[in-house]
Amino acid sequence: MRFAPSPTGYLHVGGARTALFNWLFARHFSGKFILRIEDTDAERSSTAMVEGILDGLRWLGLYWDEGPYFQSQRIDQYQSVARKLLREQKAYACFCSQELLASKRELASKAKRAWKYDGTCRNLSSDQVKEKGKRYPQPIRFKVPENGTIQFQDQVFGTIEHDFQSLEDFVLLRSDGMPTYHLGVVVDDIDMRISHVIRGADHISNTPKQILIYQALEALVPVFAHVPLILGSDKTRLSKRHGATSVTAYRDQGYLHEAFRNFLALLGWSPGEDKEKMSTEELIRRFSFAGINRSNAVFNLDKLGWLNSQYLSTTPATDLFPYVKHELENAGLWNADYEGSRRTWLLGLIDLLKTRSRLLPDFVASGKPFLIDDYPIEDSARERFLKDPSLRVLIPQLASRLEELPEFTLTTAESALRGFAEESQVKAGLLINAARVLLTGQAVAPPVFEIMATLGQRRTVERLKRLSL
């Protein structure tokens, strides 16, 4: 299996999904996953884009067994194959100028008919070829059979057939000696012994031309599986207007790579049952062509967020620690003690917050009141939970009651608050809601007794005494 991106952009969602499907298939059958960079478009390719692609694959955990190979380092091989086809009269030199071809396209457009190369140079005599070759650098075109059809069995879409008359004599080698996509991909796949090709459904129209090259070179044709496209929520092809399309952008937004990889796998593929959260091992074990859907997949950001929250909630705090450290460092909230004397405390805080987090930055937003003592109280929370006048008296008394506890735990704090509420003849909920807001500044936060236990007795009492109603 291979993944062969063009470094004219970073690794986008569609490319990442293609890479993942190839990786899963290779791992399922204990095969090899080869990375190939198709960088023959020198003007649009860049080293930065190559690094971006490699960075995205590493983040997803899609490590390759061979490569990366670069097409720009294999130009001699493509030229050699093109010349072989030329010698065997399976291809021919084309001397039509770009201006001539453009004028023919324009005429066809005005006549409202599809245009394909008309074979002007297909049957030139050897003398004509020799004479014209002195004056023009010539591209090499493949000689498509004039009659008949070509058929292949796609592992997703079934039998696909094309009439030769619908295909033009396509270019193999440009006049500057650079290979076209069709020639490069076939030569590489033959040399790298690729047995199966998984790629986007937008490549279906390329497949007949490439099969013709395989046949002309008397090489084994790989098995093709074209996967459906990925659409945005508006059912148009996924693009920048739907949000981030670069894989590393999702990393920077705070998604876990395991969650994003799981989500990608479900874009156009199903394990055959109503199950969504799957480990890498399970994805590898279950993956097959049979699970790939023919209809286009829809990129649902809400579903991705939900899946990420599922991974956050079940990931051990020790595994989340480096991610949370990174977020706290970015927010200026990191303390060296969190890797020393207060590490156990921070791990406990991570455990408290992880079941209520959707993205990694949520650990900063919801964790801030635990990390600093100077925080504002949300106006909506104050209005909703602190407007009862009796709280002006009750909260300081509750603080004193908590301060007197010889042992301060979640259980003793809860017992003290509920006992105090009963004595004061008020509902415990009045004190619980007010205390949660005063201790965190937020209306939505973890259960108040867990908050108290995490803050500890001193900080809990100080906050209840200090904060003004």
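Predicted model: local features only at pLDDT ≥ 70, side-chain atom pairs only at ≥ 80, totals over all residues.
**Entry 1: counting pairs.** I started by looking for rings that pair up. The count came to 15 aromatic pairs.

**Entry 2: Phe152 and Phe224.** I picked this pair to look at in detail. The two rings sit edge-to-face, 6.1 Å centre to centre, with 65° between the planes. Next I looked up where the partners sit. Phe152 is in strand S6 (residues 149–154) and Phe224 is in strand S10 (residues 223–227), so this pair ties together parts that are 72 residues apart in sequence. Buried or exposed, I wondered about Phe152? Phe152 counts as buried, at 8% relative accessibility. Phe224 is buried too, at 3%.

**Entry 3: Tyr338 and Trp345.** Here the rings are stacked, 6.1 Å centre to centre and 25° between the planes. Tyr338 is buried at 2% relative accessible area. Trp345 has 18%, and it still counts as buried because the cut-off is under 20%.

**Entry 4: charges over rings.** I came back to Trp345 and found a charged neighbour. The charged end of Arg342 sits over the Trp345 ring, 4.3 Å from its centre. Which ring does Arg343 sit over? For Arg343, I found the charged end over the ring of Phe321, 4.2 Å from the centre of that ring.

Technical notes:
Residues numbered from 1 in each chain as written. Heavy atoms only, no water. Phe/Tyr/Trp six-rings, centres within 6.5 Å; stacked < 30°, edge-to-face > 60°. Helix = DSSP H or I, 4+ residues; strand = E, 2+ residues; numbered from the N terminus. Buried < 20%, exposed > 50% of the residue type's maximum accessible area, 1.4 Å probe, protein only. Lys NZ or Arg CZ within 6 Å of the ring centre and 35° of its normal.
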